[in-house]
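Work through the exercises below with the sequence and the structure at hand. Try each task before reading its solution.

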Amino acid sequence: MMTRRGFMHTAALGSLLAQDGYGAPLAGLPHHAAKAKRVIMLFQHGGPSQLDLFDWKPNLAKVRGQDLPDSVRQGQRLTGMTAYQATFPTAPTVFKFAQHGKSGAWMSELLPHTAKIADQLTIMKSLHTEAINHDPAVTFFQTGFQLAGRPSIGSWLSYGLGSENQDLPSFVVLISQGRGNSQALADRMWGSGFLPTKFQGVKFRSGKDPVLYLSNPDGYTAGARRRFLDDLGQLNQMRLEEYQDPEIATRISQYEMAYRMQTSVPELADMSKEPEKTFEMYGPDSRKPGSYAANCILARRLAERGVRFIQLYHRGWDQHGTLPKQIKWQCEDTDQASAALITDLKQRGLLDDTIVIWGGEFGRTVYSQGELTETNYGRDHHPRCFTMWAAGGGFKSGYTHGETDDFSYNIVKDPMEVHDLNATMMHLLGVDHSRLTFKFQGRHYRLTDVHGKVVPELLA
Amino acid sequence: MRTFIFFALGVAAFAADGKIQFNRDVRPILSDKCFMCHGPDAKTKGIALRLDSEEAAKRDLGRGRRAIVGGDVAASVLMKRVTAPVPAMRMPPPATGVQLTAAEVETLKNWIGQGAEWEAHWSFIPPVKKPGTIDSFVRERLAREGLAMSGPASREALIRRATLDLTGVTPTVAEVDAFLKEGNYEKVLDRLLHSPRFGERMAARWLDAARYADTNGYQYDGERVMWRWRDYVIESFNKNKPFDKFVVEQIAGDMLPNATFEQKMATAFNRNHRGNTEDGIVAEEYAVEYVVDRIETTSAVFMGLTMGCTRCHNHKYDPLTQKEFYQMFAYFNNVPERGRAMKYGNSPPLMAAPTETQQKKLAAMNAEIARLDAKVPADVAGQRAWEKTLAGAAAWAPFGERDAALPFDDGGAVGRIGGAKLFDGNTVVPGPAKSAQFDIEDRFTMAAWVNGSGTIATRKSSDGYQSKGIGLFLEGGKVHFHISSQWESDALKVETEGTIGEGWHHVVVAYGGTRMAEDARIYVDGVLQKTKFVSDTLYRPFVNAGGKFDASLKVGGGAGKDKRFRGLLDDVRVYGRELRADEIAMMAAGRPLAELAGKKRTELEEKQLRLAYLETSEVWRQAQQLRVERERFERTFPSVMIMAEAPERKKTHLLIRGAYDKPGDEVQPGLPAMLPPLPAGAPNNRLGFAQWLVDRRNPLLARVTVNRFWQSLFGTGIVKTAEDFGQQGEWPSHPELLDWMAVDFMESGWDVKVLLKKIMLSDTYRQSSKTTPVLLAKDPDNRLLARGPRIRMSAEMVRDSALFEAGLLQEQLGGPSVKPYQPDGLWKEVIMQDFDYVQAKGTDLYRRSLYTFWKRTAAPPMMMNFDASQREACMVRENRTNTPLQALNLMNDVTFLEAARFIGQRMILEGGADRDARLRHGFRIVMGRGASEKELGVLRGSLAYHLDHFASHASEREEYLSYGDTAAAKNVDRTELAGYAAVASLLLNTDEAITKE
C-alpha cells in the first residue's frame, strides 16, 4: 500500500503544487528589500476619540461649552445624527494628560500602559479619511475604497507576498467585543474582493473550533482521520493518474494542509503552556478566551509562526453618548494588552520585522453630541483628523507626526491620508504600493487606488 | 504562473501564420500599456496623441511626424519612442511602472511593417454568422495548433456532467443505468431541460449577477424581502421565457403597456443593490450610489462593459465619456426612492407580491364576499320599521376593526353629536385598555370632532412631544400628525397646509402602514387635506429589536403638559384599519342616527342609515367581516422592491469627480455614441433603453449572454473576462464561434434551452476531460478545448448534490429563504442588533442552496469557502479556488456528516447483503460510475478499519452518528451504519465527488 509520503512525491505534477495553497510570493516581489515581514493591526472599531487619548488640547478648557466657531467648522458636512443639533458646545476632555518617555509624547491617564512604551511608538496625529460613517469608513480603511468589492489589505499582502508558514493561513482575523457602543463588522472587511477567495482572511474564533469546521466530529479520532486521509489520498491519486489534472494534486496537498491545521491551529490557540508572566504582562483579561488581551497573545503567537497579516478587531469605540464612562471601559480592556504586545514582541526580537498598527476608522468631534455636563458628553464621528500609532517593522520610534488645530478639528501640519499609511506600511514590507496590482474589469486595481504616498518622516 | 503559460502560448500561437491581426494582437497592447494616457481621456490630461482611433493615431503631429506610418517602421515615431534607449525618451515612461515586453515591441513592429491595418474593436461591431458549427470552429482552432479533440467522455461521465450542468445535482443511479442501456443522449438532455431543477440551477448564477440577497447590506444589514423576484427568475428559466423578454421585463417591466403583475415584479432586478440605513448618512450621497450600482450592474450583465469607470472621468480604455455615464444614469435615476433605506424590511417603491397559493386564497375570498353580498336582502320595509326604533345620541361609524370609541355622550358639555367633554388643559382621558396598539407598519385611523386646540390623541412612551409613539394635534388651525421612533431623525411628521377656523371640525388621520409621510392622510370635515412633509424618515419599529412598547391611548394629552387640549372633544374613534375616503366623508356628515330617522336626508345620510341598518343583518356582517379578514390577509403578502417612474422626471446632472454634492451640467437620458442609437419608435426612457438592449443591432447583449452560458458549462467563457468585452477585456479564444452562437441565439428567438442543447450536443462538450502532459504544457487552462471541461462544482452544487445523494434534499420550488445548519454565533460576533441566526428545523434544513438566507455581511460560511460571490456587488465571472478550508468543510461540517450518514444508510439498505455490493452502490451514488477494483480495495480497507474501530468503541460510534437532526432508520445496525457513514464521508471528500468531469 502506498504511504502518504509516497503518493505526494509520485505525482509527476508535484512541481505545479507551489502555485496553489497559500503559496509563494508573486514574481518580482518583494520590490525592494523589506524591513518588515508581517503586520499586526490592532483595529479599534467604532472610532476612538483622539481628544480623550492622544491629541491634548489644553486651551479647550477656556472655551468649554461655547459653540464651536464657524471658522473652525468651515461648513463641513455633519452626520445625520448631529446635523439637527441646534448648538455645537465645545467639550474638552475630562481626562488628565501628561508627557511620557524621552520623546515627551502626550497621552491621557486612560492609557497608563501605552504611556510606558511611548518611546517605541510612531504617533500619527494627522490621519484623515473620506467617510463619515462606520461601514464606508472601515471598508475604506481596509480596502482603500468606501464601497464593497475590493480586496482587503491582508488579502493584497497574502496575494503579493505569499505565506511563510505551510501549516497556517497567511491572513488571520481575530474579533473581540468591547463594552462600549458597538457597530457592525462585515466579512468584506477581510474579504478578498476580486482576488481569488483563498486570499480572504480566515477568522480565528475562541472556543472549540478556532477555524470553522476545524475539529473532527466527536467520536472520530485523530487516528481515524489519518487513516481517512491516507485512503482519500489513494483514491485521489488514482484519479490523478487517470485524468492528469493538476487540480487533483493540489486537492491532495490541501487535505494534507487541512490535517496539519488540525494540529497547528489548536496548538496555536492553546495558551496553557504560556508562562504565568505572559498573563501578568497582558493583564487579567488575557486568560479569557476571545478577549482583546487573549487575542493580543494569539497575535504574538501567530507572528512567531510567520503569519503575514494578523488583523484584530476590537469593537465598542462608538461613543456618541456617555463617552467618559464608555471610553474608560474600552481602555481598561485594551491598553495593557496593546502595550504588552509591543514589549513582548520586542523581548522576543520580533518587533524589528513586525509592524504593529493601532487605531480606528476615524476620530471624534470636539463638540458634544447631546448635552454637555460637568462629567458627561458624547462625540460624533469626525473624519477630518484622528490619531493612530505604529510600532516596529521600520517605523521611527519615539516620533510624533502631524498636528491639528486648537480644537483637534482640522489638520494644520503634515496631513496623512489612510492611503499614505497603507503605502508606507507596504513600503516597509518591500512592496511598492503602486506596483502591486490586479487586473479586474479591465483596470489594474491596487490597494491605494490612484492615491497614496510613502511618508518618509515615519521611517526609522 | 498558469496564466503566463497560456499567454506565452497564445501570443506565439496567434502569430503562427505571421500575419498580425490588429484586434487580436495589437489592440490589447495599446489598450493595456498606452491608453491610460493616450486613450479616450487623453485630452483632459493635455496629451495630444491618441492611440485609440486610427485617425488620431496616424495623423500628422506637426512637421510631418506621425506616430504610426503604415508599412514604414522607421518613420513611425511610436516605434522610435518604445525602443528609445534613453529612459527619458522611452514610452511608456519608466516612472509609470508599465513596460512593453520584447515580444510586444516585436508585434508592434511587425504590425506597422505589414501596413498597420486598423480594425474597430470587435465587440462594438454587430456579430456576423460565418458558416460553420460549434465543432468546426473549435476543430479549426485546434488544427492551427496541431492539436485535435479528445475522444468522447464515457456515458457515465457525460450524463453526470450534463445533469450537473442543467440541474445542479448529480444523476441518480437509475438515471445512469437507463442511459447506459439506451444511450439516447438527446433524450437525457430533453428530460433535464424539462426538470424544474433546471430553473433553480440557472437562477443560481443569475442571483450572483443580480447581487441578490436577503439583507440590505452596509452596516445594519437588516432583513429585506426579495425572494418573490428570485422565484420569478426560476420560473422564467423553467418556462423558457425568451431571453430578450426576460431582459426587458427586468429592466423596464413596469413601463410595458398594461404591465402584468409578473412584469412589474421582474424589475426587482435593479433594486437588489444594497441599501444604507445608517442613522448618520447623508441620504443624497447614497441615492447616487444606488443609481451607480444599477448602471455598473446593468452594463456588466447585459453589455459586458465597465461603465463604472466613467463615473468620475472619461473611460481610460473604451470610447465612453463621463457625460455618457450620466446620460445613462438619467435612465435609472427616475425612481421615487430615497437615499436612506428602511432599516428593516423593504424600501419603497414596492409592491405586494402574493404567491400563487395566496393568489388562489384571495380569489376564493373574493368569491365568498361576492356570494354573501348577493344574499344581503334589500328589505326596505324592514329598514323603515327599524328606523322607528332608533333613539339616543349614537352616530353612525364605519364597521369593522373598531379599536376604541369615546363618544363622550355623558361628557357634561354640549357636543357635535350628543354630549362632549370639556378639556381644560389639565385633563387627559385614558383610552380603553390595550387599544391602539399599533406599530409603524400597521394601518390605522384616528378620528375626532374637535372644537378647540391642542393634543387630540396620542400613544406615547412618555408624556412629551418628542417621545416615541403616535400623536394627532390641532395647533394654530393646522392639523399635525406624527409617528416617531427617534425624534427627529427617525420620524414621520405631516401638517396641513391650510388652516381651519374656530368651531366644530371633524379631524381624521388615516395611515396606510408604509412608514411614508405620503401615506398619512389628513381629512378635515371629510375632505382630504394637502399636507406638508415636515419629516419623512421613519424606519425603526417601536418594538425595535424585540423591545417592548405597550403605551396606551390617551385623549386630550400625552404629549407634554403644555400641549394638552383646551376646548371640546367629541366622538373620538380609533380604527385598526385605514378608513376609506367615503367612510370618512360619511362620518364627517354625522348627526345622531335617531335625528335622521324618517326625515328628509342628504345622500350621505341616507347611506349612513342604510349601513347602520345592514349591521343588523347577519349575512352583511359576515361579508363585512370577511372584507376585514381579506385586508388582514393581504397584509401578510410578501412584498418586493420594484422599479417605478417618478411622476415628474428628476433632473440628472453630471457629477464632477462622481461626487454627489458636486453637480455639473444637466444631462438628458441618452446612449453611448459608439453604440447604435435607440431603435425606431422606442421612447427615450428606461423602457426604450431595454428595447435597445435587445435590439438586433446591439452588438453586445447576445454575445455577452451566450458567453456566460458557455462559461457555466466550460468554466471559462470564450471571452474569459465575462464582465468586460471592452478593449481591456480578453480577446475571445474563438471569436467566430462566439459570433456564430450570438447570432444563432437571436435567430432562435433568444431560446435559452435551444442554445444550451446545441452546445451540449456538440462533440466539443462531449469530449473526455482527461488531459495529457502535452496538453497541460500547451494549454493548461483548456482554452482551446482539446478536452472536455473538468472543473470543481459550484458551492451550491457541492452541497445540493451531497444532500441529493443522501436522499435528504427537500425539493420545493421557491418560497421564503431558509436557514440551514450554520456554526453558532457567526452573526452575533459581527452584528450590532438583535438579529440572530435562528436555525431551521425539519425540512428547511435540506432545501437547495439557492434558498439559503443570504446575509451580505456574514454570508453562509460553506458557500463562501467554495467561492460563492458575496453578493455585495454584481459578479458575473465564476471563480474557483482549492483550499484547506474546503477540505475541513467537507470533512467536519454537520451538513456533510449527516449526508454521509444517509448515504451510508442507503448503502446498507439498498446495496444488498454483501460488503462489496454495498460499497459499489455507495460509489455509484456519489460518482455515478462503477468503482475500479483498486478503488474498491481502498473502500474495503476503510470500511474494515471503521467497523472494527466503532465495534469496540460504542460511545464514539454514537457520538459520530449524532450529527444532524434527522434520525437514522431503526432497522440498521449502529456499528454498520457508522462504518458505512465513514466510507460515504470518504467518498464525499474525493476530488471527483465535487468535480464535474
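Predicted model: local features only at pLDDT ≥ 70, side-chain atom pairs only at ≥ 80, totals over all residues.

Residues are numbered from 1 along each chain as its sequence is written, and chains are lettered from A and ligands numbered from 1 in the order in which they are written.

**Exercise 1.** Describe the side of chain B that touches chain A.

Solution. Start with the residue counts: chain B gives 73 residues to the contact and chain A gives 68. Two residues are in contact if their C-beta atoms, placed from the backbone, lie within 7 Å. Next, look at the helices on the chain B side: α28 (773–778), α31 (884–892), α34 (933–952) and α35 (954–961) each supply at least two residues. Helices (H or I, at least four residues) and strands (E, at least two) are DSSP runs, numbered from the N terminus. Finally, sort the chain B side by class, which gives 27 nonpolar, 25 polar and 21 charged residues. Here Ala, Val, Leu, Ile, Met, Phe, Trp, Tyr, Cys and Pro count as nonpolar, Asp, Glu, Lys and Arg as charged, and the others, Gly among them, as polar.

**Exercise 2.** Describe how α2(B) packs on α6(B).

Solution. Two packed helices are described by the angle between their axes and the distance between the axes. For α2 (residues 22–33) and α6 (residues 102–113) of chain B, the angle is about 125° and the axes are 10 Å apart. Axes are lines fitted to C-alpha atoms, for helices over the stretch in contact, and angles run from 0 to 180 degrees between N-to-C directions. Now compare the angle with the cut-offs: under 35 degrees is roughly parallel, over 145 roughly antiparallel, 65 to 115 roughly perpendicular, and the rest oblique. α2(B) and α6(B) are therefore oblique to each other. Last, list the residues that meet: B:Phe22, B:Asp25, B:Val26 and B:Ile29 from α2(B), and B:Glu104, B:Thr107, B:Leu108 and B:Trp111 from α6(B). By class, this contact has five nonpolar, one polar and two charged residues.

**Exercise 3.** Is β11(B) enclosed or open, and which strands pair with β11(B)?

Solution. First count the buried residues (20 or more other C-beta atoms within 10 Å of its own; exposed means 12 or fewer, partly exposed in between; C-beta atoms are placed from the backbone). Five of the five residues of β11 (residues 520–524) of chain B are buried, so the strand is largely enclosed by the rest of the structure. B:Ala520, B:Ile522 and B:Val524 point one way, and B:Arg521 and B:Tyr523 point the other way. Then look for pairing, which requires that DSSP finds at least two bridges between two strands. β10 (residues 505–511) of chain B pairs with β11(B) in the antiparallel sense over five bridges, and B:Val509 stands opposite B:Ile522. β12 (residues 527–528) of chain B is also antiparallel to β11(B), with two bridges. In that pair, B:Tyr523 has B:Leu528 as its bridge partner. The hairpin of β11(B) and β12(B) has two residues between the strands, and B:Asp525 there takes a positive phi near 50°.

**Exercise 4.** Where does B:Tyr539 lie, and is B:Tyr539 buried or exposed?

Solution. B:Tyr539 is in the loop between β13 (531–536) and β14 (553–555) of chain B. B:Tyr539 has 24 C-beta neighbours inside 10 Å and so counts as buried. Leaving out residues up to four places away in sequence, B:Tyr539 touches B:Thr277, B:Met342, B:Lys343, B:Asp490 and B:Arg515. B:Thr277 is 262 residues away along the chain, with 8.7 Å between the two C-alpha atoms.
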